[in-house]
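These are my notebook entries on a structure that is new to me. I record what I looked up, entry by entry.

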Amino acid sequence: MHETFSDVIVVGAGPCGSFTAFNLAKLGFDVSVFEEHAEIGIPSHCAGHLSIKSLKLLGLHPLPFEIVENVFYGAIFHSPSDRIFEVRFSSPVTCVVNRILFDKYIAEKAEKVGTRYFLNSMVKSLIVKNGVVKGAIIKRGKTEEKFSAKVVVDAEGISSRILRQVSLSTFNHQMLVKAVQAEVKNVKDLEVDMVEVFFGREYAPGFYAWLIPTQDEKAKVGLATTSGNPRELLQRLMLKQPTASQKLRGAKISRISFHSISLGGPIPQAFSDGFLAVGDVASQVKPTTGGGVFFGMTCARIAAEIVSEALYKNDFSSDFLCKYQRRCNDILGSDIKFMLRIRKMLDALPDDKLDDTINFCAKISLNKALQKFEDTDFQGRSLIRTLWNPRMPIALSYFLLSYLFANRKICRRQLNRKDC
Ligand SMILES: Cc1cc2nc3c(=O)[nH]c(=O)nc-3n(C[C@H](O)[C@H](O)[C@H](O)COP(=O)(O)OP(=O)(O)OC[C@H]3O[C@@H](n4cnc5c(N)ncnc54)[C@H](O)[C@@H]3O)c2cc1C
């Protein structure tokens, strides 16, 4: 078997793999990215809804215009019985990107600074010697090749096949949602500058559904769910949800994909000797919205920083690489904890209480307090910024009381059942 050498091997050419590669290769390190598919970005499974502020933080704003399909001034939230709460900002806060072009763009940036890309090249397994990762076995068609490296960065997405080989715990399976994402045309009456979000156990139990206008009566529509068949739930949303059905009844699906999202927060350990995990494989995803591009790419940049320090020091031990987890936690940890709490509370809120809460938010004009909530990624910090407005503590108390009241009923029901 032929053997080749690189400073760093990256598994997967998704945004997190390529962003790690870009940040390392621009420092002059020898980086090789292996992607199992023939083309970067394909198949795509993501809505591509990103905050403009986060793109700025990643140094990716403005994106080339052909990648951005639309920009948005806010969102319209639909309660389970279609009560509406709208938050609109004075300038665009989010955008929707073509994920295929976005992934290719990050890969091109990495390639320009010297990263080598190997397509149709699946990382079959890791080379591990005395517990230390030393490279990977690459499968191309029927041939296999050994690739040695000082560090392997695993950015394989949610599949976690490689992660299991270093015996690290994968994401929390109880917090996994199954998602469907469709591109549709012939959509009527779209609010082209607003994203729409639909709650309700009938359409998206345990999560929500979305409608993201792109261009010319086209949109991305999707949902994630903890139970039921995502395809059937999508059909129900398109035919039965009062607002969505009005817009989507005559729509044609041009593309549909299915994938999962891990909402349980980062895995407990994303490093081992000679090895780091970034992006979806490490569950670096917002537990509230399932958005993983910004958190994953933020951790990818941190991974590149730590790996470059390790390469300078020639120390690839887990004692050194654990700095990666600490730095990610310093930057994202408190916001993720906050979002996990909100996710669990939302999951426990029955539809009627969610209806009342959304209705209440509209009644007290909470949108005025949310004008300082333009940072949709660091949601904990954003929330603190809105607390000065008395509407916010009132709305939070209402939400909290609804949750406690609903949960008291659930606990009582469970206790009664145990008594039986
Ligand atoms: C329906 C849906 C909608 C979403 N919408 C949004 C959104 O609007 N905004 C947002 O921020 N996030 C969204 N997400 C989440 C987002 O898609 C992910 O967080 C993001 O793609 C993670 O990037 P990644 O690089 O970690 O993994 P991926 O994008 O999954 O890339 C992993 C890559 O690794 C390759 N690979 C896997 N195994 C191997 C192997 N053994 N060898 C070689 N290559 C391999 C894969 O082919 C793939 O190209 C959505 C997810 C879903 C399912």
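Which helices and strands each supply at least two residues of the shell around the ligand? I found H1, E3, strand E9 (122-129), helix H4 (161-165), E12, strand E16 (252-262) and H7. Helices (H or I, at least four residues) and strands (E, at least two) are DSSP runs, numbered from the N terminus.

**Entry 1: basis.** I note that this is a predicted model, in which local features need pLDDT of at least 70 and side-chain atom pairs count only at pLDDT 80 or more, while totals for chains, interfaces and linings use all residues. Residues are numbered from 1 along each chain as its sequence is written.

**Entry 2: ligand shell.** I looked up the surroundings of the ligand and found 39 residues, where a residue counts as near if its C-beta atom, placed from the backbone, lies within 6 Å of the molecule. The closest are Gly12, Gly14, Gly157, Gly279 and Gly292. By type, the shell divides into 17 nonpolar, 17 polar and five charged residues. In this count Ala, Val, Leu, Ile, Met, Phe, Trp, Tyr, Cys and Pro are nonpolar, Asp, Glu, Lys and Arg are charged, and the others, Gly among them, are polar.

**Entry 3: domains.** I recorded domain 1 (3-48 + 99-172 + 267-340), domain 2 (73-95 + 174-262) and domain 3 (349-419), with bounds that come from an automatic or database domain assignment. The ligand shell draws at least three residues from each of domain 1 and domain 2. I then turned to domains 2 and 3: 15 residues of domain 2 are in contact with 12 residues of domain 3, contact being C-beta atoms, placed from the backbone, within 7 Å. Strand E6 (residues 84-88) gives the largest share of the domain 2 side, four residues. That side divides into eight nonpolar, four polar and three charged residues.

**Entry 4: helix H1.** Is H1 buried or exposed? I found that 11 of the 11 residues of helix H1 (residues 15-25) are buried, so the helix is largely enclosed by the rest of the structure. A residue is buried if 20 or more other C-beta atoms lie within 10 Å of its own, exposed if 12 or fewer, and partly exposed in between, with C-beta atoms placed from the backbone. The buried residues of H1 pack against strand E1 (3-11), strand E2 (31-34), helix H3 (99-112), strand E11 (143-154) and helix H7 (293-313).

**Entry 5: nonpolar core.** Of its 126 residues, Leu223, Leu276 and Ala303 touch the most other members. The largest share of this core, 12 residues, comes from H7. Leaving aside neighbours within four places in sequence, alanine 303 is in contact with Thr20, Val153, Leu276, Val278 and Tyr324.

**Entry 6: backbone.** Most residues other than glycine have a negative phi, and most peptide bonds are trans. I noted a cis peptide bond, with omega near 0 degrees, from isoleucine 42 to proline 43. Proline 43 is in the loop between E2 and strand E3 (49-51). The bond from histidine 61 to proline 62 is also cis, and proline 62 lies between helix H2 (52-57) and strand E4 (68-72). Aspartate 189 has a positive phi of about 50 degrees and is exposed, with 8 other C-beta atoms within 10 Å. Asparagine 314 has a positive phi of about 55 degrees and sits in the loop between H7 and helix H8 (318-348).

Definitions and conventions:
Two residues are in contact if their C-beta atoms, placed from the backbone, lie within 7 Å. A nonpolar core is a set of buried Ala, Val, Leu, Ile, Met, Phe, Trp, Tyr and Cys residues joined through C-beta atoms within 7 Å.
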